[in-house]
Amino acid sequence: MNTDALPRIDDAALIRASLERPDEFAIVFDRHADEIHDYAARRLHREQADDVTAETFLIAFRKRHRYDQTRSDARPWLYGIAANLIAGHRRSEVRRLKAMARAPRETTVDEEERSAERASAEAMRPALALALAKLSAQQRELLLMIAWADLSYKEAAEAMNIPVGTVRSRLHRIRAKLRDHLETPK
């Protein structure tokens, strides 16, 4: 049977069905676990990302009866849960970003073989890590949801439970802050 020809059931329908048949929630997990894990792994250590991913879906499963059925895509909801869990790791995240800022630049690959763009980005890494560490936890979370998780403004707004206009204005301020910090000679 060609499963590509079957219509895709949206997340809201799966979550609704899982209220009667809990196994249906496994499809939501299968669809989104890797993406949530990748996001958590970029924010935390790998072991912590495993824990955050597992706990995100455990919480989602337990709270699935409260899911807003008007939202067909569960990603923003799941990112919101993951963001709250990641918040519990904020202090270690800030320490890690500050350590990255102090770490010497990686030189394992011959500099001549690197593209100018990659070399420039690598040189910016410590300053960017320090700039990220100086953002508030909410600012960092919003920026990374957009930059790393590739959420739309609307999806980030849903994940953080704020209006889209607030996302736009906060991102504008965050980017200005980062620009100021990165342009200021150290």
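Asp-150 lies in the loop between helix H7 (137-147) and helix H8 (153-160); helices are DSSP runs of H or I with at least four residues, numbered from the N terminus. This is a predicted model, in which local features need pLDDT of at least 70, side-chain atom pairs count only at pLDDT 80 or more, and totals for chains, interfaces and linings use all residues. Residues are numbered from 1 along each chain as its sequence is written, and side-chain values use heavy atoms, with hydrogens and water left out.

**Loop residues**
- Asp-150 has a phi near 60 degrees, a positive value in a residue other than glycine.
- With a relative accessible area of 61%, Asp-150 is exposed (exposed means over 50%, buried under 20%, partly exposed in between, with a 1.4 Å probe and protein chains only).
- Asn-161 lies in the loop between H8 and H9 and has a positive phi of about 60 degrees, although it is not a glycine.
- Asn-161 counts as exposed, at 70% relative accessibility.

**Helix H4**
- The 13 residues of helix H4 (residues 75-87) should span 18 Å at 1.5 Å a residue, and the end C-alpha atoms are 18 Å apart, which agrees; the expected span is 1.5 Å times one less than the number of residues.
- Helix H4 is largely enclosed by the rest of the structure, because 10 of its 13 residues are buried.
- The buried residues of H4 include Arg-75, Tyr-79 and Ile-86.

**Helices H3 and H9**
- Asp-50 is found in helix H3 (residues 46-62) and counts as partly exposed, at 40% relative accessibility.
- Glu-183 is in helix H9 (residues 164-183) and is exposed, with a relative accessible area of 59%.
- Glu-183 and Ala-127 are 56 residues apart in sequence and 9.8 Å apart in space, C-alpha to C-alpha.

Conventions
Helices (H or I, at least four residues) and strands (E, at least two) are DSSP runs, numbered from the N terminus.
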